[in-house]
Amino acid sequence: MTALDRLTSLLEDRILILDGAMGTMVQRYRLGEADFRGARFADHPRDLKGNNDVLLLTRPDVIGAIHRAYLEAGADIIETNTFSCTAIAQADYGLEHLAYELSVAGARVAREAADEWSARTPEKPRFVAGAIGPTNRTLSISPDVNNPAFRAVTFDDVRSAYHEHIRGLIDGGVDLLLIETIFDTLNAKAAIAAALDVFEETGTSLPIMISVTITDRSGRTLSGQTLEAFFVSIRHARPFSVGLNCALGATEMRPYLAELSRLADCYVTCYPNAGLPNAFGEYDERPTDTGTLLREFAGAGLVNIVGGCCGTTPDHIRAIAESVSTLRPRRQPDATDATAFSQFSGLEVLTLRPDSNFLMVGERTNVTGSKRFARLITGGQFGEAAQVALDQVRGGANILDVNMDEGMLDSEAAMTTFLNLIATEPEIARIPVMIDSSKWTVLEAGLKCVQGKAIVNSISLKEGEADFLRKAALVRR
């Protein structure tokens, strides 16, 4: 029986328990620079304290002990200590070349602890989720206020980093992948694409858990998407679960969890912080309080898997496990808008229902359909060209068609620059984009810039059915 089969069987009967915070527990050990360096990195030119991932190589005993403490507290699923094990994140410490090794080590340390506890409690098997953090770069927001179209990293860079990371987690023996603490959906889409690439290359397929963070009471991600738009944007991954974690405590998370539970046609996870941080950045919510709040979520039928994020400890996980032990897991809805209707998204969702009126496609952001737009783009006046897009949206466009097929243009670069630019304009970015080109490389370049669920216009059968299906699969990925 596969891990997916066992997890699905368990989730029919009870709510499963995820572990709590790794960083909170590492802090309790009061480790110094020497612990992070160990013998291997004694002469490393940069400070390593704070890089909790490197402890997998220098103090695996500490990480293993933390895993075992959560397992003893009742966790069914433990997360690997690999939140920042991408080359992009590790570059801050000059350890980018160790991304794969760290990922493998993280999986193996967790695997050993989980297998040990599965042997102790065969009636309660334990599982390992490979933790995949968002990296410390964003694909949808410019770090340069003077150049909104600029990105510090490309989709291909992020996808490649996640590819190496995920391959290491799989080689180390994880049961699931957990793409978590998502603040930019385009980063998450790069992780999904990388996971699907690795699955195809290795012949391995693991369940994918996806967890987003709502940054404040606006109900949106840091990159501006609503929760529903986020779900529509990642649903192509056919996730095992979708959920919320970090940023908020359970009290503040409640309305967003209720919305997600209504939307999702998969399992729902929730692992909040131990309340909101105090003035010193510490978390004061007591384990019994966290347990009581999550019991209410469970009693309302909102969750399938619960645990803790920042500030939570084994005591919190024990309290959560006890509080939900007699409650039934959430039942997936028979049908949602996501399953019943076509949906697309920008920062917000566009749903096509049988009673919908005609939808307006803004065609003036098309170099073949607007002389003004073509003149602005060929002249490099992208800011003024974005005003054309804004006029289309204000004029009632439900979808924005973007076409850069002009012989004098570097169409791939123009598509990338323009889509990156309008992604930073919320009034434009709220509606879905139709990426319009007769050239495959331009379509592909556009898809790498859009955090929502876009429309591709179009791929052709003129090169044959096999080529059409290959490109359609890539569009989906």
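A cavity is a set of points, on a 1 Å grid over the protein atoms alone, where a 1.4 Å probe fits but cannot get out; a pocket is an open set with protein on both sides within 12 Å along at least five of seven lines; lining residues have an atom within 4 Å of a point. The model is predicted: local features need pLDDT of at least 70, side-chain atom pairs count only at pLDDT 80 or more, and totals for chains, interfaces and linings use all residues. Residues are numbered from 1 along each chain as its sequence is written, and side-chain values use heavy atoms, with hydrogens and water left out.

**Exercise 1. Describe the largest cavity and its lining.**

Step 1. The structure holds one cavity of 30 Å³ or more. The volume of the largest cavity is about 170 Å³, where a volume is the space filled by probe spheres set on the grid points, which are joined across faces, edges and corners.

Step 2. Its lining consists of 16 residues, and Ala423, Ala429, Val433, Val450 and Gln451 lie nearest the centre. The elements that give two or more residues to this lining are helix H17 (411–423) and helix H18 (426–429). Helices (H or I, at least four residues) and strands (E, at least two) are DSSP runs, numbered from the N terminus. H17 gives the most, with three residues.

Step 3. By class, the lining of the largest cavity has 11 nonpolar, five polar and no charged residues. Here Ala, Val, Leu, Ile, Met, Phe, Trp, Tyr, Cys and Pro count as nonpolar, Asp, Glu, Lys and Arg as charged, and the others, Gly among them, as polar.

**Exercise 2. Describe the lining of the largest pocket.**

Step 1. The largest pocket has a volume of about 890 Å³. It is lined by 40 residues, with Met22, Gly23, Thr24, Asn52 and Cys310 nearest its centre.

Step 2. Elements that each supply at least two lining residues include helix H2 (22–28) and strand S6 (241–249). H2 provides the largest share, five residues.

Step 3. The lining of the largest pocket divides into 12 nonpolar, 20 polar and eight charged residues.

**Exercise 3. Is arginine 37 buried or exposed, and what does the residue touch?**

Step 1. Arginine 37 lies in helix H3 (residues 33–37). Because its relative accessibility is 13%, arginine 37 counts as buried; buried means under 20% relative accessible area, exposed over 50%, and partly exposed in between (1.4 Å probe, protein chains only).

Step 2. Polar atoms of the arginine 37 side chain lie 2.9 Å from the backbone oxygen of phenylalanine 41 and 3.0 Å from that of arginine 46.

Step 3. Not counting residues up to four places away in sequence, arginine 37 touches several residues, among them Asp43, Asp47 and Thr58. Contact means heavy atoms within 4.5 Å.

**Exercise 4. Where do threonine 135 and arginine 238 lie?**

Step 1. Threonine 135 lies in the loop between strand S3 (127–132) and H8. Its phi is positive, about 70°, although threonine 135 is not a glycine.

Step 2. Arginine 238 lies in the loop between H10 and S6. Phi of arginine 238 is near 50°, again a positive value in a residue other than glycine.

Step 3. Threonine 135 is buried, with a relative accessible area of 11%, whereas arginine 238 is exposed, with 66%.

Key. A polar contact is a pair of N or O atoms within 3.5 Å; within protein, one must be able to donate a hydrogen and the other to accept it, and residues adjacent in sequence count only if both atoms are side-chain atoms.
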